[in-house]
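Please walk me through this model in the viewer, saying at each stop what to select and what can be found there.

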Amino acid sequence: MYIQGVLTVAMINIISTAGLAVFTGFTGLFSLGHAAFMAVGAYTSAILTYFVKAPYLLALAAGVLASCFLSALVGYPTLRTRLRGDYFAIATIGMGEATRVILENLKITQGARGLPGITQYTTLPVAAAAAAVVLLLARNMLASVYGRNAVAVREDAVAAEMSGIHLLRTRMISLVFSAGCAGLAGGLYAHYLAFIQPVMFTMVQSTQITAAVVCGGTGSLTGPALAAFVFTVAPELLRAAQMWRLVIYGLMLVLIMVFRPQGLMGYRDLSWQGVLSLSDRLRKSVAGGKDGKG
Amino acid sequence: MLAFAECIRLSKHFGGVRAVNDLSFKVDEGEILGLIGPNGAGKTTVFNLLTGFYRPTSGSMLFRGRELSGLTPPDIVGLGIARTFQNIRLFSNLSVLDNVRSVLYRHARYGFVEALLRSPRVRLCERHVHEKAMEYLEEVGLADRAHDRASHLPYGLQRKLELARALALEPVLLLLDEPAAGMNPEESMNLVELIRDIREKHNLTVILIEHHMDVVMTLSHRIVVMNFGEKLMEGSPEEVQSDVRVIEAYLGEEYAGAYRR
């Protein structure tokens, strides 16, 4: 049960992190407010299943759409004025905190007390399937005009614009997709924990998603997904170390940033061909070693 | 007759600095127009105006009879104007191939949902883009470096890659901002050949900013000389080379005086 729980949360974190990887890793803009998109997805879907008794899938979809809507609302004015990297990040912090405060004061969200008694629809298979679908869709998007344009904009916005790429449109599409993923993760999370509360979606949560993306590697999808998994599972494995747990976690982050500032898999992705060729090379080198001895 | 491209009393002021002031010139279809002048004369600003990166303070720019000022850079690319940059601007973390591929998606005709599902149309487009990109790389002689990282290319080849990327936009008017900067005489003569070939093959009109006088003088049909944001003179390469005002602008009054004698 416990292991299943950890893995379910890991799958959910993979979804939100993959979403942010599409935005931060491929457009180069930092968001420190992604927890707000999770919150909106979580509350929208939970309110629908709890008060309206809507079907689970429909509620999840509504959560996704609500997050997309919020991101478009926030993204359009901020991205249009070409807020440069750091300023955009600060705008997202503001958005994140504002969203939390609103959730704490609305009647339907029951304020700071939170929503208890949400039906526990999210199981490990559900979360795993959702994560697989999200990773697949994200990969497809990144390999299409939308992803390629985003990368061009990240590499050199001026050159991209002078090559006929619309900056605003490109960044907006990435942001909305990314927020949609966060919304889905939020919906799944609400229906796993069966209880949500605004304090679950603070900047700390946002920062953790961002940390996973940066450590996993900007410009990579599988790297951040892997990092999200490790960062969820490792603290649990480290429970034996008790008070040293967070120290080790922090140390892990510092070491990655010192030794691999581009992240574990910066600008690279795992692919079947890659894995195959690697195992091929390993086999050959093992065979070569044997030959040498013989 | 309507000019192919034309700047009419074009000005761009940054506060008190008149980067471009009351500049008028025409470009005819198919010609290579040299744009020269001492550092800070406002040449690159003219390119930034023509590509929509800056808005002119006053004046107008016509391209095939259409007003350019007020259009966004992507709109202007859509009309058929492409440029390269003085301080190379490549997508440096990407491969040589991806640099060209990145700009070939303008004609992608599939929607977002199709992209997410990676429909056959998306795959077809990918294949098409790949082939096209290789063609452009071959043209500038970079096909064998296709999978190298752009930032790992030597300087001269980076300039060629920028040229390939600009060509991939299928322009009719190409703006080259110091394509030979940092090249030795042999490399720059090589580049002259390349620019000639490309112009022939793609029916291009070219505006060329360049400090290498041998490059400008061999390539250009006509030259506009700028100084302090204004047009000093225009004429054939021969006329420009023997013009006292030009020598004065480049070398100072003293030397021009010596030349006069």
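A crossing of two helices is called left-handed if the near helix is turned anticlockwise from the far one by less than a right angle, and right-handed if it is turned clockwise. Keep in mind on this tour that the model is predicted.

Begin in chain A by selecting helix 1 (residues 2-27) and helix 5 (residues 124-142), which pack at an angle of about 15 degrees with their axes 8 Å apart. Because angles under 35 degrees count as roughly parallel, helix 1 of chain A is roughly parallel to helix 5 of chain A. The crossing of helix 1 of chain A and helix 5 of chain A is left-handed.

Next, show the side chains where the two helices meet: helix 1 of chain A contributes residues including Leu7(A), Met11(A), Ile15(A) and Phe26(A), while among those from helix 5 of chain A are Ala127(A), Ala131(A), Val134(A) and Leu142(A). Sorted by class, this contact of helix 1 with helix 5 of chain A has 18 nonpolar and two polar residues, and no charged ones.

Now move to chain B and select its open sheet, in which four strands are arranged in the order 2-1-4-5 with antiparallel pairing. At the edges are strand 2 (17-27) and strand 5 (66-67) of chain B, each of which pairs on one side only. Zoom in on strand 5 of chain B, which is joined by two bridges to the antiparallel strand 4 (residues 58-63) of chain B; there, Arg66(B) is the bridge partner of Phe63(B).

Finally, select helix 1 (residues 43-50) of chain B, which lies across strand 1 (5-14), strand 2 and strand 4 of chain B and runs at about 70 degrees to strand 2 of chain B.

Methods. Residues numbered from 1 in each chain as written. Chains lettered and ligands numbered in written order. Predicted model: local features only at pLDDT ≥ 70, side-chain atom pairs only at ≥ 80, totals over all residues. Pairing = 2+ DSSP bridges. Contact = placed C-beta atoms within 7 Å. Axes fitted to C-alpha atoms, helices over the stretch in contact; angles between N-to-C directions. Parallel < 35°, antiparallel > 145°, perpendicular 65-115°, else oblique. Nonpolar A, V, L, I, M, F, W, Y, C, P; charged D, E, K, R; others polar.
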